[in-house]
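These are my notebook entries on a single model. I set down below what I looked up, entry by entry.

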Amino acid sequence: MWWFQQGLSVLPAALVVWSAASFVFSYITAIVLHHVDPLVPYISDTGTIPPERCLFGIMLNISAFLGMATMYVRYKQVYALNPEKSKIIKLNKIGLTLGWMSCFGLCIIANFQKYALYYIHVVGACLTFGVGAVYMLVQTVLSYLMQPEVHSKDIFWVRLAVSLWCCSSIVSMFVSSVVLYSGLYGTNLVQKLHWDPREEGYTAHIISTVSEWSLAFSFLSFFLTYIRDFQKISLRAVASLHGQTLYNAPPSFVTDEQTLLVAGSI
């Protein structure tokens with residue numbers, strides 16, 4: 001059996017590969033068509049002009065769906081492993097809520113392009129990266145609380161390192177973006193897709209774009225750490241019949257069985 005056939009490890013693997021492909025394919029298309037500069041453009045700039053905008057939107061929407069599925073499985077796994085620990089259960093619910101908010105932000109980024117609706121796009125970016133970073137921190141705390149009985153110390157330290165990488169990228173991107181869009185280097189920089197290295201503000205632009213790419217790949221690296229955990233879990237759907245037909249049945253024909261729609265096994 002291959003590693004991606006064990007449990008649900010294919011889910012985080014698919015999320016990472018598909019999301020990375022959405023960035024790379026859009027970047028290559030934008031470069032080939034000369035829509036952006038080859039040297040580290042904003043990720044959003046590579047999905048601004050058709051046809052790469054269409055590819056970018058479709059692929060990110062699928063990434064958001066894979067992200068929601070991955071976060072839900074992680075939620076079920078933590079819940080199954082710690083059914084009587086109220087602190088962990090509470091943090092687990094908070095993590096799922098934050099994760100799904102981050103995925104919703106990714107949908108906003110995919111469907112509201114930076115060039116057309118800038119402020120809505122920024123809201124999506126804040127949800128995706130800002131709330132997503134908090135999700136990573138919550139999962140890191142959960143990994144700490146579950147060691148050494150459930151998690152090894154190694155996976156905690158790896159997740160902590162990736163979370164710090166993510167936070168440092170956010171700080172770097174925020175500071176450089178504030179400097180860049182403060183008005184010191186002109187206006188209408190949001191619509192600017194081509195930069196000359198001799199222009200003022202070019203250094204701040206490069207720092208901002210490098211930080212954004214670093215931030216995106218810190219997220220992908222974090223989900224890579226789920227692969228080993230997901231090899232030890234599977235989910236199954238259980239059909240619960242409340243009658244012998246699909247028509248309205250008398251109460252006597254309705255079963256009292258209350259079976260969970262989704263059950264997990266570790």
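**Entry 1. Salt bridges**

With which side chain does Arg-159 meet in a salt bridge? I worked on a predicted model, and there I found the partner to be Asp-229, at 2.6 Å from N to O. I then placed the two residues: Asp-229 is in helix 7 and Arg-159 in helix 5, so the pair links distant parts of the chain, 70 residues apart. I looked up their accessibility as well, and both Asp-229 and Arg-159 are buried.

I next looked for other contacts of Asp-229. Arg-74 forms a salt bridge with Asp-229, and their closest N and O atoms are 3.5 Å apart. Since Arg-74 lies in helix 2 and Asp-229 in helix 7, this pair ties together parts that are 155 residues apart in sequence. Arg-74 is buried, as is Asp-229. I therefore recorded Arg-74, Arg-159 and Asp-229 as linked in a network of salt bridges.

I noted the total for the structure, which is 5 salt bridges. One of the others I looked up joins Arg-198 to Asp-196, with the closest N and O atoms 3.0 Å apart. Arg-198 is exposed, because its relative accessible area is 74% and the cut-off for exposed is over 50%. Asp-196 counts as partly exposed, at 28% relative accessibility.

**Entry 2. Largest pocket**

How much space lies in the largest pocket? I recorded about 930 Å³. Its lining has 40 residues, and those nearest the centre are Ala-125, Cys-126, Phe-129, Met-173 and Glu-212. I listed the elements that give two or more residues to this lining: helix 1, helix 2, helix 3 (86-111), helix 4 (118-145), helix 5 (153-180) and helix 6 (202-224). Helix 4 gives the most, with 11 residues. By residue class, I noted 28 nonpolar, 10 polar and 2 charged residues in the lining of the largest pocket.

**Entry 3. Second largest pocket**

I turned to the second largest pocket, with a volume of about 320 Å³. It is lined by 13 residues, of which Val-150, His-151, Arg-228, Asp-229 and Lys-232 are the closest to its centre. I noted the classes of the lining of the second largest pocket as 5 nonpolar, 3 polar and 5 charged.

**Entry 4. Cavity**

How many cavities of 30 Å³ or more does a search of the whole structure find? I noted 1. The largest cavity has a volume of about 30 Å³. I recorded its lining as Val-36, Asp-37, Pro-41, Asp-45, Leu-193, Trp-195 and His-205. These residues divide into 4 nonpolar, 1 polar and 2 charged.

**Entry 5. Nonpolar surface patch**

I looked up the nonpolar patch on the surface, formed by Val-24, Phe-25, Ile-28, Val-32, Leu-33 and Leu-55. Together these residues have about 490 Å² of accessible area. Helix 1 (residues 10-32) contributes the largest share, 4 residues. Leu-55 lies in helix 2 (residues 52-81). Why is Leu-55 classed as partly exposed? The reason is its relative accessible area of 32%, as the class runs between under 20% for buried and over 50% for exposed.

**Entry 6. Backbone geometry**

Most residues other than glycine have a negative phi, and most peptide bonds are trans. I therefore listed the departures from this pattern.

Pro-50 and Pro-51 are joined by a cis peptide bond, with omega about 5°, and Pro-51 lies in the loop between helix 1 and helix 2. I also found the peptide bond from Gln-147 to Pro-148 to be cis, with omega near -5°. Pro-148 has its place in the loop between helix 4 and helix 5.

His-34 is in the loop between helix 1 and helix 2, and it is exposed, with a relative accessible area of 63%. Val-40 has a positive phi as well, near 45°. Val-40 is placed in the loop between helix 1 and helix 2, and at 23% relative accessibility it counts as partly exposed.

Terms used:
Residues are numbered from 1 along each chain as its sequence is written. This is a predicted model: local features need pLDDT of at least 70, side-chain atom pairs count only at pLDDT 80 or more; totals for chains, interfaces and linings use all residues. Side-chain values use heavy atoms; hydrogens and water are left out. Patches are made of residues with over 30% relative accessible area and no salt bridge: like charges are joined within 9 Å, nonpolar side chains (Val, Leu, Ile, Met, Phe, Trp, Tyr) within 5 Å. Accessible areas come from the Shrake-Rupley method with a 1.4 Å probe; for residues, only the protein chains shown count as cover. A salt bridge is a side-chain nitrogen of Lys or Arg within 4 Å of a carboxyl oxygen of Asp or Glu. Buried means under 20% relative accessible area, exposed over 50%, partly exposed in between (1.4 Å probe, protein chains only). On a 1 Å grid over the protein atoms alone, a cavity is a set of points where a 1.4 Å probe fits but cannot get out, and a pocket is an open set with protein on both sides within 12 Å along at least five of seven lines; lining residues have an atom within 4 Å of a point. Grid points are joined across faces, edges and corners, and a volume is the space filled by probe spheres set on the points. Ala, Val, Leu, Ile, Met, Phe, Trp, Tyr, Cys and Pro count as nonpolar, Asp, Glu, Lys and Arg as charged, and the others, Gly among them, as polar.
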